[in-house]
Every structure is written in structure tokens, then in C-alpha cells.
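Colleague: Could we go through this model together? I would like to hear what stands behind each term you use.

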Amino acid sequence: MLLAPDPSTPVVAVAVHVDVGFRSEPEGRTGFAHLFEHLMFQGSESLEKLAHFRHVQGSGGVFNGSTHQDYTDYFEVLPAAALERALFLEADRLRAPLLTEENLRNQVDVVKEEIRLNVLSRPYGGFPWILLPPVLYDTFPNAHNGYGDFSELEQATLDDAAGFFDSYYAPGNAVLTVAGDVSATEAIKLIEKHFGDIPERAVPTRPSFAEPAPSTERRQAVPDAHAPLPALALGYRLPDPTTDLDGYLAHTLLGSVLTDGEAARLQERLVYGEGIVTDISAGSGLFGSPLDARDPDTFTVTAVHPPTVDADRVVRAVDEELDRLATGGPDAGELSRISARWSASLFHEQDRVMSRMLALGARELLYGRAELAAELPARLAAITPAQVAEAAGKLRGQGRAVLVIEPTGADEGADGVDAGDQQ
């Protein structure tokens, strides 16, 4: 349980982070963690379907949930006077969600439509978070499609749902965070009132998803009927932030040195100089957010380029800039500007009570250190040019994945296929 009182804001935010993401779902049930997130909004032992929505929105609040590699979160932001309502709602569905055949079949259809909209019928759908992992990783937890395969989603049963809930949604497998205009004493009293009688269950043993990093380059081409231009993604393994946080953060700053802003090295060279890409980005985290997963995590470089430009030309340019940084590093002024930009962004994010709450809960669940969310600006500012140079050298010295998106210029059955392909 985390409490973050902030009397300067007139609202209260409540989140439950559950230690289960799509890396934990069983083989043969791809997409099940995300499907279960949907089921958790379909009523509970005390509330009929859609009642949760009405209670939050009727109080002038907002709510949502999301599924990540290693966790699923549920949250709402309400006026401060509605703290007890928020705690009751989260405790009630954590105690006993309404798992029915009707809800399951309905939400399978909803998730399938979400996949059609966000992946199958969209240019660059699943790029890179669905398509890159099976090139970079070998094991099912790390490589499979977290959105889900249509046929596997359709085969999901109520027994699957009940077993998933019993295995992962135990109170001891979750972190409750309350932030905003709250009294710590009153909040603890209300938490004990609403969460205290949830039956205790065994907490699952958290497996290690570690696997050897690739020793060579792996390459795969994927056709895309909707993509207007070719694209590519490079994937590398990141250091484990629990054992080498500075190394991880150095890679994060390296991504910004390469692509963050018009003066960034790859932006300046490839977009404004040579004009061989129309868009390029780099950074830590499969979804573009650093420190959002346990080890193994992914450093990505993605680019969209004209069809007249060969993908290998872009790859060579990336390698050349990494070599330059590995040899000379960024200059002090360059890195200082990047660090200042990161600090401003993080402080701005922490100004929003919802963002602050979600960051605290995620860092506590993933790394056992909620305070890491507040320490990040200083930790990033302390990273040196030599550490960024070392990060660039490590990328050049390891195997990697190269994913190439090839536009086909035709609509090739985007509906009804096995998605094989966050939420």
C-alpha cells in the first residue's frame, strides 16, 4: 500500500497494480491478460455491469485500466470527497469480479474488434511492440503477441478466467496506491474497511523471464497492406535496471541523444540532412516508456523511409552514429540539454496526480522502490558522457533484431485472420 497525500490538489486518485501482464499468460491463451483486464470492468459481486462506470462518471471522475508486459493497472481520479467510493469500487472487483459466459463472449468480441482497429486495419499496426519481440526473443513469455490470437481468444473459457483470477489477483499480488487530497489516517481507516475482508490467497511465485541475448543479427521482413511507406525497427537488449540502473538510464539518454529534437544526431543527419527517413525515434522500453518492465527489456530504434531508400542504408547510418558516440560520447553541453529536457518532462508528469500515482505504483510493483519515480530526474542528470558512450558501445557489441516493414499496396484480408498479432 502506498499513500501520497497532496493537499494542493482537489482530487483523489486510486490505483491497483496487479503483478500479472501478458508475459505471464499461459501458452495457448495469448492475449488473455488483456482480455481479463476487460472482464474486470464488467461488474462485481455487489455491482451490476456498467455500475462502476456510472459511479465514477456520476461523481465527475475518470477511470481506465491497461495491460503491460509485467503488470495490469486499474485506476480512477475523483473529487477528494469521493475517496471512499473509489476504494469501495476497487476492493469490490478485486474481491469478486462478475465472471459470466455472457461477459466473456462479449469481451472476446470487443477485444477482437480492438485488434482489428488498432492492428489489422491500421498502417504499421503492431509495429514494433507485437512484431519485433519474436525476432529478438526466443521464449514464449518474451516473444508472443500480447494482444492475442483470434482463435486462442475465442477458445477462452470461464474456467480459464476463474483460474487466472485465482492465480494472479490475490490481494498480496497487488499494490494499492492512493494519492491526492487525502488524510493518511483517514485513508488507512477506509482501506482497512474495504480491503481488509478480502480473503487472503497464495501469491504466485514470480518466474524469471531471463533468456540469453542474441549473439548475432536476426532479421525478418513483414508485409503491411496498409503502410504507405517502408519502415524498420532495430531491437537490442537493455541492462537489467535492478542490477545496473545507471547502465539502463544511460541507454535511455542515448536514445534521446540520437532522436530527441531537431538537433538530435539521427534527426539532424537522416531527416534534415540526407533526407533518407521521414520519421525516426529511439529509446528504452518496448512501448517507448523506460522502466515499465522487468528484465529483459528492449531498446528500440524505429524509422519510416521512402521506398527509394534501402533499409540497410538507414541501418548503416544508425551504426555509424553509434560508433561515433561509442568513441567520443556526447559532449557535455549536448548531454546537459538532453538531461534538462528529461527533468522538465518528468517534473511536468509528476504535477499530474494521476501520472504520479501510476508511476509510484508501477515502480513499487516492478522494482520494490516507489521512490524511484521521484529520484529519476537526479539519477538521469548524474549520467556522464562516458556512460552514454559505453551504452552506445554495448549496442554495437551485441546481437540485435532487424524488423523490416514492406508495404504491399493491397488490402490482403485484414479481417478474421489469426492476429498472431496494449492494449
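Colleague: What makes Arg-93 count as lying over the face of Phe-41?

Modeller: Arg-93 lies 4.4 Å from the ring centre of Phe-41. A charge sits over a ring if NZ of Lys or CZ of Arg is within 6 Å of the ring centre and within 35 degrees of the ring normal, so Arg-93 over Phe-41 qualifies. Lys-112 is likewise over the face of Phe-150, at 5.5 Å from the ring centre. Bear in mind that this is a predicted model, where local features need pLDDT of at least 70, side-chain atom pairs count only at pLDDT 80 or more, and totals for chains, interfaces and linings use all residues. Residues are numbered from 1 along each chain as its sequence is written, and side-chain values use heavy atoms, leaving out hydrogens and water.

Colleague: Why is the pair of Phe-36 and Tyr-169 called tilted?

Modeller: Their ring centres are 4.9 Å apart and their planes meet at 45°. Rings of Phe, Tyr and Trp (its six-membered ring) pair if their centres lie within 6.5 Å, and planes under 30 degrees apart count as stacked, over 60 as edge-to-face and the rest as tilted. The value of 45° therefore makes this pair tilted. The structure holds 18 aromatic pairs, and ring pairs link Phe-36 and Tyr-169 into a cluster that includes Phe-41.

Colleague: How do you know that Phe-36 is buried?

Modeller: Buried means under 20% relative accessible area (1.4 Å probe, protein chains only), exposed over 50%, and partly exposed in between. Phe-36 has 0%, so Phe-36 is buried. Tyr-169, also at 0%, is buried too.

Colleague: What makes helix H14 largely enclosed?

Modeller: Of its 15 residues, 14 are buried, so H14 is largely enclosed by the rest of the structure. Helices here (H or I, at least four residues) and strands (E, at least two) are DSSP runs, numbered from the N terminus. H14 covers residues 353-367 and reaches 21 Å from its first C-alpha to its last, close to the 21 Å expected at 1.5 Å a residue. Just after H14, Gly-368 takes a positive phi of about 70°.

Colleague: What classes of residue make up the lining of the second largest pocket?

Modeller: That lining has 8 nonpolar, 10 polar and 2 charged residues. Ala, Val, Leu, Ile, Met, Phe, Trp, Tyr, Cys and Pro count as nonpolar, Asp, Glu, Lys and Arg as charged, and the others, Gly among them, as polar. Strand S8 gives the most to this lining, with 5 residues.

Technical notes. Expected span 1.5 Å × (residues − 1).
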